Amino acid sequence: MGSQQNALHQLVSFILGASAAAVLVFFLTTATSGGRFTGISTWANGTTGFDDAPVQEAPATLARVPAAPAHADSKQGTAAAAEQEDELERLLRAVADEDRTVIMTSVNEAWAAQDSLMDLFLESFRSGERIAHFVDHLLVVALDGGALEHCRAVHPHCYLLPAAAARNLSGEKVFMSKDYIDLVWSKVRLQQRILELGYNFLFTDVDILWFRNPFERMSVAAHMVTSSDFYFGDPYSPMNLPNTGFLYAKSSRRTVGAFEAWHGAREAFPGKHEQQVLNEIKVELVATRGLRIQFLDTEHNAGFCNNTRDFNTLYTMHANCCVGLGAKLHDLGNLLQEWRAYRQMDEEDRARGPVRWKVPGICIH
């Protein structure tokens with residue numbers, strides 16, 4: 001019964017996403033300069049251009065920090081904000097590679113605790129194929145003080161998100177709850193700030209296991225690369241359904257402007273989280289701003305929604321379409337065990353065909 005409900009939910013999500021994209025395409029192809037269609041520029045304040053020039057420094061008209069504390073008008077608040085900004089810049093310099101690219105994830109106390117998602121996430125780098133060095137370029141964003149403490153016990157590069165510090169985000173957050181929605185939008189604001197500072201980033205949810213180097217699957221021509229909940233064969237088609245739990249963006253005036261517009265579109269779609277809003281505006285981002293978005297196929301960058309079932313082609317696995325921390329830990333832990341066994345296999349055995357996992361799962365079957 002649960003699997004039938006999940007399939008129905010995914011089908012409805014697909015139909016709604018495809019319908020929204022079709023409507024946007026219709027308006028884009030029929031609107032005239034004097035028409036009623038409202039461009040995406042109305043969701044941004046126009047502080048950034050649409051070109052691919054690298055960002056040398058943060059635009060003066062943009063906020064210095066992702067979200068200022070409520071008392072930022074006081075001297076104490078201003079000093080605290082400046083200190084947080086300096087800490088962010090210090091950490092970015094420490095983790096960035098030679099191309100100014102950082103890998104980042106975010107955790108609250110429940111996800112960062114011992115034997116929780118963060119431990120599995122870090123272990124996947126150690127167990128993966130030639131990807132252990134990526135941990136040196138990983139910035140972990142803590143969403144509360146407990147997460148920061150747990151992070152610093154196991155990883156050298158941890159940052160407390162100012163926007164989340166004032167809220168209680170330490171426990172497991174139910175999907176689509178108010179705290180969950182505020183949390184994911186705070187993530188977008190921080191990502192925009194990192195682009196403004198001139199760094200590229202690859203954001204990965206902490207419930208994603210890494211097995212191989214995902215940069216091998218990304219086009220250098222793309223401004224933004226996202227994983228897919230559903231993939232329909234064309235990596236640049238906006239008909240694909242994005243999953244922003246795995247998201248790369250290259251720093252430029254174009255991408256900063258796109259993120260500014262993305263965040264600004266939140267008010268036009270009240271109650272929706274950031275992934276839903278991106279799905280609503282993706283066609284217009286491409287048409288109006290010239291943003292090249294690459295969608296990763298689900299054969300190589302898979303998820304529980306639609307997974308490849310073959311270790312020979314798997315680069316990352318996301319515990320999406322899976323509700324509950326316990327369920328994610330169970331299935332990802334079993335999958336990591338199976339991966340370790342796969343790594344011990346002879347090359348000849350691997351080459352004979354698909355190497356599928358056989359573990360029973362709560363979310364994957």
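**Close-up views of the disulfides and the sheet**

When the bonded cysteines of the protein are numbered in sequence order, they pair 1-2, 3-4, 5-6. The model is predicted: local features need pLDDT of at least 70, side-chain atom pairs count only at pLDDT 80 or more, and totals for chains, interfaces and linings use all residues. Residues are numbered from 1 along each chain as its sequence is written, and side-chain values use heavy atoms, with hydrogens and water left out.

**View A. The disulfide of C151 and C158.** The structure holds three disulfides, a disulfide being a pair of cysteine sulfur atoms within 2.5 Å. One of them joins C151 to C158, with an S to S distance of 2.0 Å. The link is left-handed, with -85° about the S-S bond. C151 and C158 are both buried (under 20% relative accessible area; exposed is over 50%, partly exposed in between; 1.4 Å probe, protein chains only).

**View B. The disulfide of C305 and C321.** The sulfur atoms of C305 and C321 are 1.8 Å apart. This disulfide is right-handed, because the torsion about its S-S bond is about 90°. C305 lies in the loop between β9 (301-303) and β10 (316-318), and C321 in the loop between β10 and α10 (325-343), so the pair ties together parts 16 residues apart in sequence. Helices (H or I, at least four residues) and strands (E, at least two) are DSSP runs, numbered from the N terminus. C321 has 24% relative accessibility and therefore counts as partly exposed.

**View C. The disulfide of C322 and C363.** Here the sulfur atoms of C322 and C363 are 2.0 Å apart. A torsion of about 60° about the S-S bond makes the disulfide right-handed. The pair links distant parts of the chain, 41 residues apart: C322 is in the loop between β10 and α10, and C363 in the segment after α11 (347-351). Both cysteines, C322 and C363, are buried.

View D. Seven strands, with mixed pairing, follow the order β3-β2-β1-β4-β7-β6-β8; two strands pair if DSSP finds at least two bridges between them. β3 (158-160) and β8 (293-295) are at the edges with a single partner strand each, so one side of each has no neighbour in the sheet. From one strand to the next, the twist averages 35°. β6 (residues 224-230) pairs with β8 in the parallel sense over three bridges, and F295 in β8 is the bridge partner of T226. Helix α5 (residues 145-154) packs on the sheet and touches β1 (101-107), β2 (138-142) and β3, where contact means heavy atoms within 4.5 Å. The direction of α5 makes about 170° with that of β3. Axes are lines fitted to C-alpha atoms, for helices over the stretch in contact, and angles run from 0 to 180 degrees between N-to-C directions.
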